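Reader: Could you take me through the pocket and the salt bridges of this structure?

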Amino acid sequence: MKNFYPPLLICAALLPSMLFAQGRPEDYQRAKKMKEAMDKLYYAPASINWSSSGQWAWYLVKTPRGREFFAVNPTTKARQSAFDQPQLAQKLSTAINGKIEPYNLPFSTFSYSRDDKEIEFNAEGFVWGYNLTSNNLIKKRSVPVVPARYWGANAGDQTDKPVLSPDSSWMAYTKNHNLYIRAINTKKEIQLSFDGSEGDFYSGFVQWSPDSKKLVTNKVRPGQKHEIYFVRSSPEDQLQPKLESRDYLKPGDALPIRRPQLFLIEERKHIPIDDALFNQQYNLSRMEWRKDSHAFTFEYNQRGHQAYRILEVNGANGAIRALIDEQSKTFIDYSGKRYRYDVADGKEIIWLSERDGWNHLYLFDGQTGKVKNQITKGEWVVREVIHVDEAKRTLIFAASGINPKQDPYYVHYYRINFDGSGLTPLTTENANHIASFSPDKQTFISISSRVDMPPVTVLRSAADGSLLMNLEKGDIAEYQKAGWRAPEVFTAKGRDGKTDIWGVIVRPSNFDPKKKYPVIEYIYAGPHSSFAPKSFIVDERARLMSEIAELGFIAVQLDGMGTSNRSKAFHDVCWQNLKDGGFPDRILWMKAAATLYPEMDISRVGIFGNSAGGQNSAGALLQHPDFYKVAVSSSGCHDNRMDKIWWNELWMGYPIGPHYAESSNVTHAHKLEGKLLLILGEVDDNVDPASSLQLVNALIKANKDFDFLMVPNMGHSMGGDYGERKRRDFFVRHLLGVEPPSWSVQLSSGNESKGK
């Protein structure tokens, strides 16, 4: 007899999403309404700007009637409209013979004149001046057309521009790969170097000593040229496709070798500098003379980033010594944690270092190179130095983690003395802060917020942080009308059982704790920063979590080990092991959250991310298929040997070794389980498109089932409008187990999103 299942049992066996009808047209409609509502955060400046005089600070905010500019005078504590917007709109409309709305002006930024009596802005292709007293509007000039510059373009070591000496008596330049000077008065040309060649030339970027008696430049052995190529299949200006290329160095490529060369003008003497302290270079930078011309300094970043030195060269004989010699067994994060300030022309040096396991400031003796004292200390990190006051021997800095009762990522501002005494908090609220200081550093405007608290903008004293004036309080009335639920901050222990892992949980507006919700993680585990939102979410990509949650999911974002802004040990987890991605911490965090909140169904976990997050999201299915079931990966750097040199060698090291292949998604493609959608822009010049295509190739060779979308003409992106719809539908189909509404239904519901 065949098995017979009663109808009730059949119903009980259905997916929970079918029982609770998630992923419906009305869910897509609600996601669209949530997106619209989250575009209406009122009275929340995105940034603060100051006039050069410091008399005015200004900012732009959305208000119920549009976009409004406000100005604040910190002396009189006056807040007012920055200018007469209706008047300006009327005059600009007349000038262009068109219609300009007063609270939707065609510019978002302006600058004050030196006397603060006029503002200057760009609109309709011209630069305009608007007198704040007379309300006169003047068309000044056309806006210059600045060619778009490719981010990876190398400025090179040559220039045709001669360099005048400080006393205006000499002109230095290169010719036939050698260095020359010419006397301004007599026009006499003097050749200073004689051994330059095309493959070993003298750079035209010359640094004169302040006394004009010496100069230094680099002798350069050029590195490898590496280009990536792609076809723009559908160019807008012609029918036929275009072949394009970009300069794009990758890990392991040969780099230029630069060797400083000292020239004594009166003696006509050339002194090559001994390169023993900088002969394995990734880069040399910041070549600067001391004001008395006795020496010059430069910074040496060793290839592999395990040594970073401040080197000083004697201006009389070329003798070289290390003033600071920073060492690490893993990596020195020169891209995000480098700061140097020379006090009194180098008599002392303020230096940022993780040598004690946390990112802190040190005061060095600039003569002996020894540490005089540690300025900041503790299990917290310096995030930025704002200002150094040499006369008062104080500095202002940003830090996170000082207050043990707050989220360790919250940024606060402090004042401290050079000797480490007198630590004074300038902000204290339990929130993340962004501050903008006046030019004289006497006052500052801070914007404080949390993911569950709209921004509050105030004027404070930079002496002690005392409140001088309330300016703005974010208005989220439109969010509340749409039923927005504030994200929840959640912490759980990481893989070591001790370290707190911090993240956020985002629920749909119609959340019902009796339902079961698949979980979708938005991931970016790039080691160069931390990424879980700490401020009120206004970033368009972070808002994706709220939009996608409306379809019937719970969305999360967190920072696992291997990311920045915690201890050095926390950060070091990524070293030579980017495939780790913090996943052991992420999985434990979600399991802990699901234990507390059983509505989180962690038997159905999805993940998506872009760029490094694209590498992470695809890697989740390859390395942790027992936990992650569905992934959407866009613009992924799936093999770190295929991506840009600086980012990948910093974390993965040099020379290239087997660990690169071990972290490659291509290497592990045969392990794919679950549902994977890859999205790629065909002209991505941030991550070589071949990185994704080689993963596609490996998956095909392994006979794996997956989905792939390449968007013509698109660069580094999450896929734009089309890709966003594909991503949402992919999760609805494979996590909720229902067929998404047709796109005609979705589009009629307004489910558009801007290109991302």
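Author: The answers below cover the model itself, then its pocket, a surface patch and its salt bridges. This is a predicted model, in which local features need pLDDT of at least 70, side-chain atom pairs count only at pLDDT 80 or more, and totals for chains, interfaces and linings use all residues. Residues are numbered from 1 along each chain as its sequence is written, and side-chain values use heavy atoms, with hydrogens and water left out.

Reader: What volume does the largest pocket have?

Author: Its volume is about 1,200 Å³. A pocket here is an open set of points on a 1 Å grid over the protein atoms alone, where a 1.4 Å probe fits, with protein on both sides within 12 Å along at least five of seven lines; lining residues have an atom within 4 Å of a point. The volume is the space filled by probe spheres set on the points.

Reader: Which residues lie nearest its centre?

Author: Of the 42 lining residues, Asn-154, Ala-155, Gly-156, Pro-256 and Arg-258 lie nearest the centre of the largest pocket. Strand β20 gives the most to the lining, with 6 residues. Strands are DSSP runs of E with at least two residues, and helices are runs of H or I with at least four, numbered from the N terminus.

Reader: Changing topic, which residues form the nonpolar patch on the surface?

Author: Tyr-229, Val-231 and Leu-243 form it, with about 340 Å² of accessible area together (Shrake-Rupley method, 1.4 Å probe). Patch residues have over 30% relative accessible area and no salt bridge, and nonpolar side chains are joined within 5 Å. Val-231, in strand β16, is partly exposed at 43% relative accessibility.

Reader: And how many salt bridges does the structure hold?

Author: There are 56, each a side-chain nitrogen of Lys or Arg within 4 Å of a carboxyl oxygen of Asp or Glu. In one of them, Arg-246 pairs with Asp-685, with the closest N and O atoms 2.9 Å apart. Arg-246 lies in strand β17 and Asp-685 in the loop between β42 and α12, so the pair ties together parts that are 439 residues apart in sequence.

Reader: Are those two buried or exposed?

Author: Both Arg-246 and Asp-685 are buried, where buried means under 20% relative accessible area, exposed over 50%, and partly exposed in between (1.4 Å probe, protein chains only). Another pair, Asp-601 and Arg-604, meets at 2.7 Å, N to O. Asp-601 is buried at 12%, and Arg-604 is buried at 9%.

Reader: Which residues are linked in a network of salt bridges?

Author: Arg-286, Glu-288, Arg-290, Glu-299, Arg-340 and Asp-342 are linked in this way.

Methods: Patches are made of residues with over 30% relative accessible area and no salt bridge: like charges are joined within 9 Å, nonpolar side chains (Val, Leu, Ile, Met, Phe, Trp, Tyr) within 5 Å.
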